[in-house]
Amino acid sequence: MSRCPRCQAEFLCAMADQTGKPCWCTALPPVDFSLLPEGKLNMDASCFCPACLPAWKASLEAGRNKPE
């Protein structure tokens with residue numbers, strides 16, 4: 001199991017947990033790294049949970065918040 005760095009919830013990340021199947025997040029549009037400070041994610045995270053990733057992406061795209 002993976003742990004979301006944003007909310008600390010446990011979830012299954014098929015890529016990080018090496019299930020051999022596509023992860024749920026591959027169905028989402030990719031993150032535009034130009035929206036991130038210095039063009040990179042400054043945290044130790046393989047993925048956010050299914051609740052946090054869409055919320056985080058929406059906040060980046062709206063320009064309201066920077067990644068924590």
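The structure is a predicted model in which local features require pLDDT of at least 70 and side-chain atom pairs count only at pLDDT 80 or more, whereas totals for chains, interfaces and linings use all residues. Residues are numbered from 1 along each chain as its sequence is written, and side-chain values use heavy atoms, with hydrogens and water left out. The mean pLDDT (the predictor's confidence in each residue, from 0 to 100) is 79 for the protein, and 78% of its residues reach 70 or more. Where pLDDT is low, the predicted coordinates should not be read in detail.

The protein contains one helix and two strands; helices (H or I, at least four residues) and strands (E, at least two) are DSSP runs numbered from the N terminus. From the N terminus on, these elements follow the order β-β-α. Confidence is lowest in helix 1 (residues 52–62), with a mean of 83, and highest in strand 2 (residues 10–11), at 92. Among contacts (heavy atoms within 4.5 Å) between residues at least 6 apart in sequence, 53% join residues at least 24 apart.

Of the 68 residues, 25% are buried, where buried means under 20% relative accessible area, exposed over 50%, and partly exposed in between (1.4 Å probe, protein chains only).

In soluble globular proteins, nonpolar side chains tend to be buried together.

One salt bridge (a side-chain nitrogen of Lys or Arg within 4 Å of a carboxyl oxygen of Asp or Glu) is counted in the model. R3 pairs with E10 in this salt bridge, the closest N and O atoms lying 3.0 Å apart. R3 is partly exposed, at a relative accessible area of 47%, and E10 is exposed, at 51%. Side chains of opposite charge can pair when their charged atoms come close.

G63 is located in the segment after helix 1 and is exposed, with 61% relative accessibility. G63 and L35 are separated by 28 residues in sequence and by 8.1 Å in space, C-alpha to C-alpha.
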